[in-house]
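My entries follow in the order in which I looked.

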Amino acid sequence: MSVEIPARASAVIIGGGVIGTSVAYHLAKLGWTDVVLLERSQFSCGTTWHAAGLIGTMRANESHARLCEYSMSVLQELEEETGQSTGFKQVGSLTIAHSEARLEELKRVASMNNAFGVTQVDMVTAEEIRSLYPYLETSDLLGGSWVPHDGYASPVDVTASFVRGARGRGALCLEGVKVTGITRANGKVTGVMTDQGEIQADFVVNCGGLWARNIGKMAGVNVPLHACEHYYAVTEKLDDMPLDLPVMRDHDKCAYYKPDAGSLLVGAFEQNAVPWGHKGIPEDFSFDEIEGHMEEQMMSVLEDAMERVPMLQNVGWRKFFCGPESFTPDDQFHMGEAPELKNFYVAAGLNSVGIQTSGGLGRALADWMNNGRSPMDLWGNDIRRMYPFQGTQQYIHNRVTETLGLLYEHHYPYKQMRTSRDVRHSPIHEKLVEHNACFGEAAGWERPNWFAPQGVEPKYEYSFGKQNWFNYSAEEHRAFRENVAMFDQSTFSKYLVQGKDSCKALQRICTANVDVPLGKMVYTHWLNDDGGIEADLTVTRLEENQYMVVSAAAVTYKDLSWLSRNISDDAHCIVTDVTNAWAIFGVMGPNSRSLLTEALNHDMSTEQFPFGSLQDIELGCAVGRAARVSFVGELGWEIYVPVDMARHAFDQLWEVGRDHDLKMAGLHSLDSGRIEKKFVHFGHDVADEDTPLECGLGFVCDLNKDIPFIGHDAIARQKDTGSWENKRLVQFLLQNPETMLYHHEPIRRDGKIVGHLTSGNYGHTLGGSVGLGYLHCEEGVTKDYLESGRFEIEVGGEMIPAKASLSAMYDSRAERMRA
């Protein structure tokens with residue numbers, strides 16, 4: 001059937017599910033009058049139509065909670081604006097626990113969500129659970145959590161209301177138009193090709209759901225997601241079912257329960273999912289079910305359900321459903337501008353939280369497109385976090401067998417993925433294995449998180465308390481505090497920036513002055529126009545027109561994209577990712593100088609090798625570099641050697657290190673060292689909503705250099721007005737040495753919640769758990785403010801007294817690493 005399409009649009013949105021229609025509505029609401037939404041078949045026909053429609057606000061971080069808060073509120077607004085019902089019923093949601101570990105997790109999640117200030121989460125007893133959900137068998141329950149304003153809605157009706165709202169505001173929403181290609185020129189999207197003709201566009205948004213990965217390939221954009229079989233079963237009508245029966249989740253049994261038009265729906269998030277669509281999605285797939293593996297995947301869940309809700313043993317079942325649902329490598333949805341193509345945006349891979357996130361995600365993406373940057377901290381969802389290998393068929397096919405079930409798994413600290421492992425290795429990986437490393441994954445890298453003694457299996461035993469590796473990591477920590485330890489930091493991202501305009505380009509991008517002598521390392525931030533931190537890294541001048549940038553392992557494509565978009569097209573400045581060219585060994589501790597003096601046959605004294613400098617060195621037969629810098633706050637150096645000589649260099653260091661009692665140390669102890677020093681972690685303690693002044697790093701901003709940096713005016717205003725004092729990053733030390741901190745625990749001052757932690761770890765030198773978190777106070781977060789209040793950190797509902805400090809509690813004058 002022929003459909004008339006326009007020749008041009010400001011934005012073309014591909015995909016007419018709940019996410020695409022929400023983006024269209026919110027762009028139109030911002031005043032974008034020539035938005036075009038294209039759906040290949042009919043609205044909602046992919047995965048939206050068979051979604052359970054759960055609406056909740058209890059989430060794992062504040063940004064997600066606020067997305068869901070808005071998603072819930074917009075449902076009422078849509079009904080009033082369009083006259084289209086969304087089917088929203090606010091019946092509350094209940095989550096039950098029949099294990100101590102699950103109850104501890106629910107307590108922690110309740111505390112953090114109450115700190116976000118978005119929703120009220122109450123812990124309830126087994127008796128209270130029985131009154132809230134009379135069908136339940138509660139004799140073995142230890143408790144649960146209750147969110148009274150949660151509920152469920154009709155996914156098809158929510159989508160229809162977004163369509164009606166978008167059309168009412170001038171958007172053109174079309175069915176029966178298939179996108180067949182993406183047009184682009186000079187690194188920027190220019191429009192789409194369809195089976196009805198071409199549409200030129202300034203922006204294109206990939207909301208393709210099941211098809212989003214293939215749509216991305218049309219544009220040369222990596223969108224790692226894959227469909228899995230997803231199951232639920234629906235009973236016959238239940239005449240006596242209460243109209244206000246809440247949604248109920250039993251995470252330990254991978255099940256959720258939801259009223260469904262007088263019936264009860266039981267859905268599953270099983271731990272070993274079955275991928276679907278790897279041989280292609282049928283061309284005419286629309287409102288379709290799939291055959292699935294009902295007996296293997298769903299029957300055990302239903303058997304458990306009949307024990308938990310005994311009345312299910314005596315009812316009929318009218319529907320056993322299997323449909324496809326898209327999942328991503330890290331169980332986080334994708335959104336934002338693609339690093340490969342300007343003005344090509346992605347909103348896809350919702351991992352079964354599409355309905356409850358749809359309104360907030362649509363508004364956030366529309367704001368992002370309208371203003372040029374994310375309206376909140378969404379780095380955990382930013383499409384730039386993904387790497388090309390994660391979009392390969394083998395990787396994503398294997399990984400989603402695990403990610404489907406993660407929604408209901410225990411969310412233990414440091415929990416590691418099981419699937420699609422051993423993809424990226426450090427050049428000394430085999431050496432680390434010999435030293436009995438326990439590996440964790442970051443950006444596909446296998447990285448040593450801790451080292452087990454010989455004879456002990458290097459394997460995690462998860463809990464919310466002190467895990468099995470706690471004492472081993474403590475020994476590593478003491479080694480770099482008291483003697484010397486070595487870290488493999490080879491996975492850090494490294495970029496070579498060179499050309500006759502490299503200094504000029506970096507001066508504009510970096511907050512610090514990088515027009516420095518050769519061999520000088522500079523700690524700096526990259527900021528957006530509002531002064532928010534986009535990167536936290538070091539820049540070292542190697543030659544007059546050559547710099548080395550070193551950043552975290554997980555941010556490679558974010559950093560490279562930022563450089564690409566902020567180096568002018570006519571600048572003679574070339575950026576090369578050299579991460580895989582250099583190995584880095586961090587040798588840290590008060591005895592690092594004596595070890596390296598011997599190993600390198602080099603003068604490592606402060607007079608000849610000052611802090612923040614880089615020099616050429618020889619290590620055995622390897623020619624490399626040494627940089628005097630430390631992320632743990634001790635005297636130390638990072639040793640750079642070419643990857644092809646990394647094993648040789650490691651052996652040289654280890655051989656000399658034997659006489660110095662050198663100890664291998666993992667990234668967990670690196671983190672415990674940095675948090676004692678109040679060094680920030682990008683993505684946790686700092687992100688694009690935080691400024692250097694607020695996090696206590698204003699010294700990285702040179703407001704007087706010849707070339708003003710991006711964000712200069714925002715920082716200058718904040719400094720002049722003193723507004724940064726209203727929000728400041730504070731370090732906390734728990735006074736109970738047995739309690740563990742991780743992140744997002746509420747901060748209380750005189751009993752009132754005044755913030756939450758951004759990161760936490762154990763400070764083995766300070767003698768307790770240490771956390772960092774922002775405090776907000778209109779009168780200013782000052783030393784007097786801290787000293788005049790009583791601080792506690794809420795951990796799973798318990799109030800733990802804490803000491804608060806604006807400066808680092810360990811070596812606040814930074815004398816040890818400059819010794």
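What volume does the largest cavity have? I read about 40 Å³ for the largest cavity, and the search of the whole structure found 1 cavity of 30 Å³ or more. A cavity here is a set of points, on a 1 Å grid over the protein atoms alone, where a 1.4 Å probe fits but cannot get out, and lining residues have an atom within 4 Å of a point. Its volume is the space filled by probe spheres set on the points, which are joined across faces, edges and corners. I listed Met521, Thr540, Met548, Val550, Leu614, Arg625 and Tyr640 as the lining.

This is a predicted model, in which local features need pLDDT of at least 70, side-chain atom pairs count only at pLDDT 80 or more, and totals for chains, interfaces and linings use all residues. Residues are numbered from 1 along each chain as its sequence is written, and side-chain values use heavy atoms, with hydrogens and water left out.

Most residues other than glycine have a negative phi. Ala443 lies in the loop between strand S21 (437-442) and strand S22 (445-451), strands being DSSP runs of E of at least two residues and helices runs of H or I of at least four, numbered from the N terminus. I found Lys678 in the loop between helix H16 (667-676) and helix H17 (712-721).

Ala443 is buried at a relative accessible area of 15%, where buried means under 20% with a 1.4 Å probe and protein chains only. Lys678 also counts as buried, at 13%.

Terms used
Buried < 20%, exposed > 50% of the residue type's maximum accessible area, 1.4 Å probe, protein only. 1 Å grid on protein atoms, 1.4 Å probe; cavity = no way out; pocket = protein on both sides within 12 Å on 5 of 7 lines; lining within 4 Å.
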